[in-house]
Amino acid sequence: MFDKSAGQLIKALVVAGVAIGVAGAADAKEWRAWNIHVEGYPNTVAMDKFAELVKDKTGGSLEITNYHGGVLGNQPDAIEQVRIGALEVGNFNLGPMGTVIPETNVVSLPFIFKDLPHMHRVLGSEAGEVIKQGMMEKGLVPLAWYDSGARSFYNSKKPITQPSDVSGMKIRVMNNELFTGMVGALGGDGSPMAFSEVYQALKTGVVDGAENNWPSFESTGHFEVAGYYSLTQHLIIPECVCISKTAWDTLSDAEKKAVEEAAVESATLQQELWAKRSEQSKQKVIDSGVNYNEIADKAAFQDAMKPVYAKYIEANPAQADLIAKMQAVE
Ligand code: BDP
């Protein structure tokens, strides 16, 4: 008898203890953040800084755990997860976002930005507000912009010096019709594929090439299996620290302010690290024997993109004005 009630008492205490434990944890909000990049990459270091700053600035009422290296899934899926609130934070590239958030597509138009500073000026202009608004309406709150340099073509066959060199090549692109259209306009075959699959696809010849910035070309090891990097710099796409609108709405005003400040500070760090890493990655791949060529005059590549723009504006006439505004930013 005694043993049984003692057992029940212990059981009751355990249940109560568990309940207290849960209540304790529920006091602090715990969020999960998606990041595709590996340890040491500028975004990874900056996202760790973001989490640290959020904890400090909220006095521990909000804690973010980063999941690096794409372990929470591929980017298009992660964008959906954050949009619907199944994940709270994502460090996303706006490229694959265009398929669900039309306003973000304009940053994926080839050669729309002159260079990285121009991209920032545009994002800080009225056009940037339109893009942000579009994201908010689709469930993403962009708090700060990270750099991702300029994307250029690389392949395992030969240097690309003019558009016709792309002809006949199968090139991996991020998931967005604009990118398949872009490669198609150069006479190649654009093949959308998850980032994590590209190394193997290059190695086995499933694709001839891909396109990315120096740090990703290097961090993924793609340079080991695609020995020609040609500086076309055809895409300059911003990345965001994006919070799920669902999660954002649970924050107090003070917490919102803290998270926003943390994101902006982490972006300052990311941009500094980005500039350094771009140089280091470039040097590393050149030292490893990658054949690298610059393209003195990009006009032929830019001209080849005219049908891509024409088709896009025809399908999205409401964005003609936004595109013109972006191009008008000095
Ligand atoms: C990198 C971006 C990353 C993309 C990747 C890709 O930082 O978000 O997933 O390119 O090509 O530069 O998929």
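Colleague: Which domains supply the lining of the largest pocket?

Modeller: In this predicted model, domain 1 (30–147 + 238–279) and domain 2 (151–236 + 286–317) each give at least three residues to that lining. Among the elements, α3 (75–84), β3 (89–93) and α8 (214–219) each contribute at least two residues.

Colleague: What is the volume of the largest pocket, and which residues are closest to its centre?

Modeller: Its volume is about 490 Å³. Of the 32 lining residues, I36, Q75, R172, F195 and S196 are the closest to the centre. By class, the lining has 18 polar, eleven nonpolar and three charged residues.

Colleague: And what makes the other space a cavity, rather than a pocket?

Modeller: A pocket is open, whereas in a cavity a 1.4 Å probe fits but cannot get out. One cavity of 30 Å³ or more is counted here, and the largest cavity holds about 30 Å³ of space. Its lining is P110, F111, F153, M182, L186, H234, F301 and M305, which divide into seven nonpolar, one polar and no charged.

Colleague: How do you know that C240 and C242 form a disulfide?

Modeller: Happy to show you! The cut-off for the two sulfur atoms is within 2.5 Å, and those of C240 and C242 are 2.2 Å apart, so the pair counts as a disulfide. By this rule the count is one disulfide.

Colleague: Why is the disulfide called left-handed?

Modeller: Because the torsion about the S-S bond of C240 and C242 is about -115°.

Colleague: Are those two cysteines buried or exposed?

Modeller: Both C240 and C242 are buried, which means each has under 20% relative accessible area.

Technical notes: Residues numbered from 1 in each chain as written. Predicted model: local features only at pLDDT ≥ 70, side-chain atom pairs only at ≥ 80, totals over all residues. Heavy atoms only, no water. Buried < 20%, exposed > 50% of the residue type's maximum accessible area, 1.4 Å probe, protein only. 1 Å grid on protein atoms, 1.4 Å probe; cavity = no way out; pocket = protein on both sides within 12 Å on 5 of 7 lines; lining within 4 Å. Points joined across faces, edges and corners; volume = space filled by probe spheres on them. Helix = DSSP H or I, 4+ residues; strand = E, 2+ residues; numbered from the N terminus. Nonpolar A, V, L, I, M, F, W, Y, C, P; charged D, E, K, R; others polar. Domains from an automatic or database assignment.
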